Structures are given as C-alpha cells and as structure tokens.
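Please open the structure in the viewer and keep the selection tool at hand.

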Amino acid sequence: GTCLARETSTSRTRRRNPKYFLSFKLQRSRFSQPPPFLKAELQVSAMASNKDPDPSLGYLTRKDTEVKLPRPTRVKNKTPAPVQITAEQILREARERQEAEIRPPKQKITDSTELADYRLRKRKEFEDLIRRVRWNTSVWIKYAQWEESQKDFNRARSVWERALEVDYRNHTLWLKYAEVEMKNKFINHARNVWDRAVMLLPRVDQLWYKYIHMEEILGNVAGARQIFERWMEWMPDQQGWLSYIKFELRYNEVERARAIFERFVRCHPKVSSWIRFAKFEMKNGEVGRARQVYEKAVEILADDEEAEQLFVAFAEFEEKCKEAERARCIYKFALDHIPKGRAEDLYRKFVAFEKQHGDREGIEDAIVGKRRFQYEDEVRKSPLNYDTWFDYIRLEESVGSKERIREVYERAIANVPPAEEKRYWQRYIYLWINYALYEELDAGDVERTRDVYRECLKLIPHEKFSFAKIWLLAAQFEIRQLNLKGARLILGNAIGKAPKDKIFKKYIEIELQLGNIDRGRKLYEKYLEWAPENCYAWSKYAELEKSLCETERARGIFELAIAQPALDMPEILWKAYIDFEISENEFDRTRELYERLLDRTKHLKVWISFAEFEASAIEDSNTDLEEEDMEDFLREQKKLCLERARRVFEKAINYFRTTAPELKEERAMLLEKWLNMEASFGDLGDVSSVQAKLPKKLKKRKQMMTEDGPAGYEEYIDYIFPEETQTTNLKILEAAYKWKKQKVSTDDD
C-alpha cells in the first residue's frame with residue numbers, strides 16, 4: 001500500500017498501458033518461465049499478424065504487445081558448494097524469522113454502559129453472521145453459549161429454539177441444548193427438551209441414553225424405567241435391550257430382567273440373543289431354566305445359518321454341568337443336521353470333547369468324522385479331483401465299514417471324465433482297479449469283482465483309446481478263479497477291440513506257460529500281422545522256434561523279418577539273426593549275413609563286429625588229434641582268422657578312405673580296433689604295419705557361425721593320415737617347381 005501511494009501520476013498512466021502492465025507483472029514475478037495461461041496467449045499472438053491493429057488491444061499492434069521474457073540463466077558451475085545447507089537449517093531459520101502474531105488488545109469493561117454496548121455489538125455480530133450463514137450449526141451454538149455466559153438464559157433458550165426451527169433433525173443441537181439446561185440445574189426445562197427430542201428423533205439412541213442417564217442420576221428410577229419402556233416400543237437394536245436389562249440388574253430386579261429377556265428374544269430371534277438369555281439364567285444359578293432356553297432356541301433356530309454357534313454353546317453348557325452324554329448327543333445331532341460347509345468349528349469342538357471325555361473308539365470316530373468332513377468338502381468343490389477320492393477311500397478302508405467303502409467307490413467312479421482323451425482317464429481308471437482289488441481281496445466277493453471289471457471295460461471308449469492294464473487284470477482274475485476259458489475270452493476281446501503290445505506279450509506268456517505251443521504260434525502270427533515292423537516280436541518268435549529245436553523255422557522267421565520294408569529297430573533283429581547263426585556254428589551263413597548287412601549299411605559298428613567275428617571264428621577241430629597236432633591246428637586256425645579279419649579291416653579302411661573321407665574319426669577308431677586285435681594275437685599279429693597307418697591328432701580352431709554372424713571360435717580334433725601328409729608334401733614341391741620355372745623364364749626375357 002505504501003509503494004502504491006508513492007507512485008507518480010506518470011507511473012500510474014504507464015501502468016494503465018496494457019503492454020507496460022504485462023511487462024511489469026512479468027518483471028515482478030520470480031519465475032524463470034511464464035505461467036501456462038501466458039504461454040497460451042503468447043502462442044496465439046505469435047500465430048496472428050504482428051502488424052495489423054487489434055481493436056481489443058486499444059488499436060495497438062501485436063508487436064506493441066509482445067513480451068520479451070528474460071532468458072533463463074544457465075548454471076555453469078555445477079560443483080557442490082563447500083558449505084551445504086540442510087533442510088532442517090532452512091526450516092529452523094524460517095521459524096526464527098517469523099514475526100510475532102498480532103493479537104487484539106484486551107478490553108476491560110468498567111461500567112454497565114460499556115457492558116451494554118459490548119453486548120449490543122456482540123449480538124449484532126452474531127445476528128449478522130446468522131443472517132449470512134443461517135444453516136451453519138456451529139454459529140448458533142456459539143451464539144447460544146455466549147448468551148449463557150452472560151447469564152441471560154431466556155435469550156439463550158430463544159437462540160436454541162430458533163436454531164431448532166432451522167434444523168431440528170440435528171441431534172447435536174438437542175444434546176447441547178439439554179446439557180445447558182442440566183448444567184444450570186433447570187431440570188424441568190431439561191426434561192421438556194429431552195421429551196421433545198426423543199419424540200422427534202426416536203431412532204437416535206444417544207438421546208435416549210442421555211435422558212435415562214439424567215433420570216438415573218436424579219434417583220428417579222421409576223421415571224427411567226418408564227423412559228426405557230417408551231424406547232422399547234420402538235424396537236431398538238440389541239444394545240438398547242441389553243442396557244435396559246443391565247439397568248434392572250443394577251437394582252436387583254431379576255424377574256423384571258427375565259421378562260425383558262423374553263421380550264428381547266422375541267424382538268431379536270437370533271442365536272446370540274438366545275445364548276445371552278441362557279447365560280443370564282446360568283449366571284443366576286437357574287440350570288433348568290437355562291436348559292429350557294437352549295431347547296427352545298434349538299426348536300426355533302435349528303435351520304438357521306448361525307445354528308452351529310447355538311449347538312456349540314448348548315454342548316459346552318451341558319459339559320459344564322457334567323452331562324457328558326447329553327453333550328455328545330447334542331454334538332452328534334448337530335453334525336447330522338448342519339451342512340458340512342458350516343460345521344468346521346463344530347467338528348473341532350467335538351474332537352476336543354471326545355479327547356477329554358470319550359474313550360478310544362469315540363476319539364477315533366471323532367477324528368475320522370472330522371477328516372471325512374474335510375474330504376466331503378473337497379470332493380464337493382472339485383468332484384473330478386481323483387486324488388482326493390483316493391484319500392477319502394483310503395480313510396474309509398482304514399475304518400472298515402464295507403457299506404461306506406462301497407458307497408464312496410460308487411460315488412467316485414460316477415465322476416466320469418468329461419472328454420474322451422486318455423490323459424483325462426489315466427487317474428480315473430485306477431479307481432476301478434482299486435475297487436475291483438478291494439472286492440476281490442478285502443471283501444472276498446467274486447461276483448462283484450467280475451461285475452466291476454465288466455462295467456469298467458464297457459465304459460472305456462476302446463475305439464479311441466484303451467488300457468491294457470485293465471484287460472490283463474481282468475484276465476488274471478479269471479485265471480486265479482481257475483476260469484481259463486473266461487480269461488481267454490477277455491484277452492481275445494482285447495486283441496479284437498484294442499490290440500496292444502502288453503496284451504499280446506502277456507497272452508503269449510500265459511499260453512506258453514500252459515504248454516500250448518500251437519496257440520503261442522498263432523498268437524505270434526496275429527501279433528506280427530498287427531505290427532509287422534516290431535523287431536521284438538520277430539526275435540521272440542524266432543527264439544521260441546529255436547528253443548523247440550526248429551532251426552529251419554527260426555531261420556525262415558528271421559528271413560521274413562529282415563525282408564520287411566520297415567522295421568522299428570533293425571539292428572536288434574540283425575544281431576539276433578547273426579547270433580543265431582553263430583550259435584549254430586554256421587560261419588559261412590554268418591559271413592553271408594554280414595555281407596548282406598554291409599550292402600544295406602556301412603556303419604562303423606558293423607565293420608568292427610564283422611572283423612571281431614572273423615577273428616574269433618575258429619572251426620571245430622578233430623578230437624582224435626594228438627596234443628602237438630592240436631596246437632598246430634589251432635595255430636593254423638588263428639592265422640586264418642587273423643587273415644580274414646585283416647581283409648575285413650582293409651576293406652573297411654579302403655571304404656572310409658575313398659567313399660567317406662570326411663569320416664576321419666570313425667576311420668581312426670577302426671584303426672585303433674585293428675591295432676588292439678593285432679596285439680591280442682601276440683607273435684602272430686603285425687602291430688607295426690597298423691601303427692604306420694595311424695593318424696596324427698591335431699587340435700584346431702574353427703569359427704562358429706550363428707544367425708547374427710560369427711560368434712567366436714571352437715576347438716576340435718583333426719586327424720592327419722600318413723597318405724595325406726605325402727600328398728601335401730608333393731603339392732608343395734610342385735608349387736616350388738612352378739615358381740622356379742616362372743622365375744627362369746622371367747630372367748631370360
């Protein structure tokens with residue numbers, strides 16, 4: 001204000017100019033950037049023309065009204081200052097530099113005239129304030145309290161009445177009004193206020209409480225009881241009824257309190273109300289009355305959602321009265337009538353009760369009942385969770401009740417998987433298996449076991465998938481019952497509907513154990529018709545014929561097997577055929593087989609196996625020879641074996657050198673096998689000739705390539721054979737000769 005008073009007329013004129021006013025405001029601001037509203041104005045002004053006068057600006061041009069803002073200074077030195085100031089120091093300095101609060105001076109009223117003026121002024125202020133904010137309750141309260149402080153109670157009552165006319169639903173006004181009357185000992189006025197308050201606002205419990213409290217302080221018990229009765233006609237909440245009961249008990253009016261409790265449970269028929277009533281009777285030593293209260297509550301609220309609390313309280317009451325049998329009957333009755341989902345606490349209490357008062361059987365029954373409740377809850381939530389059914393069945397089997405076990409099994413197998421996919425049935429099928437085993441082993445009911453297997457096989461969709469295990473278990477059950485015909489019928493149906501390897505193997509095993517060779521041969525033929533690529537079936541069929549000394553039949557089976565266009569594991573079949581011929585001492589046939597196998601594959605293992613066979617293929621000698629002749633014969637045989645093995649190795653080395661030169665590691669392994677074989681023959685072997693052919697191992701590096709380009713180097717072992725070294729040396733000499741020849745021709749030119 002002082003600065004404005006010192007301004008000259010010229011400065012006032014300049015301040016009226018919009019351009020100067022805007023620049024002046026910006027200069028006085030402490031911001032390095034213009035505020036958002038000013039940025040928007042500047043952007044609009046930049047888009048408009050700078051030369052055309054604008055009538056809204058007093059015919060000034062846009063250029064005249066442009067504002068040139070100071071450029072924000074850039075901090076060049078960003079290093080921290082040597083002395084740092086903390087936030088605590090800043091706040092402390094701000095607190096210290098605060099100026100003292102200016103308070104109005106205190107006034108002293110010396111005579112009645114000043115007092116009247118003061119009262120008139122204050123009343124005028126309050127009336128003006130009320131005229132402005134009539135709805136503000138705090139203003140009315142301050143006005144009335146000020147009048148009370150001046151001991152002008154008629155004016156105070158007038159203010160309170162005016163306030164109630166504005167908002168009579170505000171119970172705070174009624175409370176303050178009545179407290180003023182009570183504080184100044186205007187009892188009848190206070191009663192009048194409370195009567196009007198509870199009549200207009202009967203649902204505000206605080207008004208009733210305050211009214212009753214006032215009457216009780218005054219010793220007017222009958223009046224307080226009358227007020228309670230008026231309140232109870234409005235059927236308040238439980239706390240109101242309990243306050244009435246406590247009021248009567250304070251004055252030892254037990255019969256009145258009992259009558260109020262009876263009205264209370266009729267008004268609020270809840271479990272907690274009945275329990276309070278029964279505890280009241282128990283506290284007063286009325287055991288019979290308490291039991292009657294509980295029995296009546298059970299009749300009325302047996303199907304209530306909170307009935308569990310009622311039964312628990314009833315059982316605990318009987319337990320306190322040393323009536324264990326009554327308590328046990330209550331627990332069992334409650335467990336039979338309350339749904340399982342709402343009986344968790346009841347089960348826990350029952351188990352604790354049995355542990356304390358029951359015998360061993362009672363405790364076990366309680367524990368089993370609790371676990372049964374848990375399993376029932378789980379299977380209700382997820383009936384397709386078969387692991388829960390297994391646990392539930394195991395629990396019932398531990399108890400030993402056949403009817404309950406069968407009931408749980410029937411409920412479990414009724415939950416058929418929703419989709420016809422094998423992965424959904426893998427756990428479900430074991431329910432049937434366990435059911436059948438229980439009926440056979442534990443219950444000893446053969447007919448029920450047969451029915452279980454029959455129903456299970458009927459339920460499985462064999463067109464899409466099947467389970468070999470259930471077929472085999474059903475057949476083995478019939479064999480245990482000496483019903484061989486029934487077992488063959490089941491296995492025959494299995495082969496017809498859902499043939500599997502396990503079924504064929506087990507069926508063949510059963511028939512061979514019974515000595516039915518022809519049936520076994522027929523089954524093998526069916527097996528091979530169903531799976532002609534199965535090398536295991538071919539080899540087992542040939543082994544059967546070999547065990548029966550049917551050499552030609554076994555050889556024919558092997559020939560048929562290797563002639564198949566597709567086999568799952570041909571190496572097993574060829575090995576079995578070769579081992580068969582070796583066991584029969586048919587060395588020429590074995591060599592022929594190896595040659596046929598090499599026509600199909602030139603694998604390293606085939607070459608090594610062929611060579612090892614030739615090294616060990618010693619023909620049977622004549623037993624009539626003497627010892628010296630026998631030694632000469634064996635030596636000649638070893639030489640022949642060694643020569644044949646060398647030919648095989650040379651043939652293999654020639655193949656890897658010419659046809660597959662990239663397989664250097666296989667070639668090196670073959671040479672190592674050859675070297676070991678030569679060393680095993682002792683003086684007959686020629687180790688040096690093989691050692692001359694061994695390669696040199698070199699450790700090399702090659703670049704690894706990925707999709708993103710080169711990704712480093714990796715080490716590998718390379719093999720350099722002797723013939724490759726000679727070739728390399730010849731190439732170097734040939735290149736040197738060419739270089740020398742070119743140099744001589746250049747010198748001649």
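Predicted model: local features only at pLDDT ≥ 70, side-chain atom pairs only at ≥ 80, totals over all residues.

K464 counts as exposed, at 59% relative accessibility.

Next, select E147 and R123. These residues form a salt bridge whose closest N and O atoms are 2.9 Å apart. Because E147 lies in helix α7 (residues 137–149) and R123 in helix α6 (residues 112–132), the pair ties together parts that are 24 residues apart in sequence. E147 is buried, with a relative accessible area of 1%, and R123 also counts as buried, at 15%. In general, side chains of opposite charge can pair when their charged atoms come close.

Now display the surroundings of E147. Leaving aside neighbours within four places in sequence, E147 is in contact with R123, D152, R155, A156 and V159.

For another salt bridge, select R589 and E586, whose side chains meet at 3.9 Å, N to O. Both count as partly exposed: R589 has a relative accessibility of 38%, and E586 has one of 32%. The structure holds 55 salt bridges.

Select W389, L431, I470, L670 and M677. Of the 102 residues in the largest nonpolar core, these touch the most other members.

Centre the view on L670. Apart from neighbours within four places in sequence, its contacts are L604, W607, I608, F649, A652, I653 and F656. A second, separate core has 77 residues, including L175, Y211, A327 and Y347. In soluble globular proteins, nonpolar side chains tend to be buried together.

Select residues 271–283, which make up helix α15. At 1.5 Å a residue, the 13 residues of this helix should span 18 Å, and the end C-alpha atoms are 18 Å apart, which agrees. Highlight V271, S273, W274, I275, F277, A278, F280 and E281, the buried residues of α15. They pack against α13 (238–250), α14 (254–267), α16 (287–301) and α17 (307–320). Just after α15, G285 takes a positive phi of about 80°.

The structure holds 41 aromatic pairs. One of them is formed by Y409 and Y435, which are stacked, at 4.8 Å centre to centre and 10° between the planes. This pair links distant parts of the chain, 26 residues apart, with Y409 in helix α22 and Y435 in helix α24 (residues 428–442). Y409 and Y435 are both buried.

Select W425 and Y428 next. Their ring centres are 5.5 Å apart and their planes stand at 90°, so the pair is edge-to-face. Both W425 and Y428 are buried. Then select W208, Y209, F228, W231, Y244, F247 and Y251, which form one aromatic cluster.

**Last stop: two loop residues with positive phi**

Select K185, in the loop between α9 (171–183) and α10 (187–200). K185 is not a glycine, yet it has a positive phi of about 65°. K185 is exposed, with a relative accessible area of 71%.

Finally, select N252, in the loop between α13 and α14. Its phi is near 60°, a positive value in a residue other than glycine. N252 is exposed, with a relative accessible area of 65%.

Notes: Residues numbered from 1 in each chain as written. Heavy atoms only, no water. Core = buried A, V, L, I, M, F, W, Y, C linked by side-chain atoms within 4.5 Å. Buried < 20%, exposed > 50% of the residue type's maximum accessible area, 1.4 Å probe, protein only. Contact = heavy atoms within 4.5 Å. Salt bridge = Lys/Arg side-chain N within 4 Å of Asp/Glu carboxyl O. Helix = DSSP H or I, 4+ residues; strand = E, 2+ residues; numbered from the N terminus. Expected span 1.5 Å × (residues − 1). Phe/Tyr/Trp six-rings, centres within 6.5 Å; stacked < 30°, edge-to-face > 60°.
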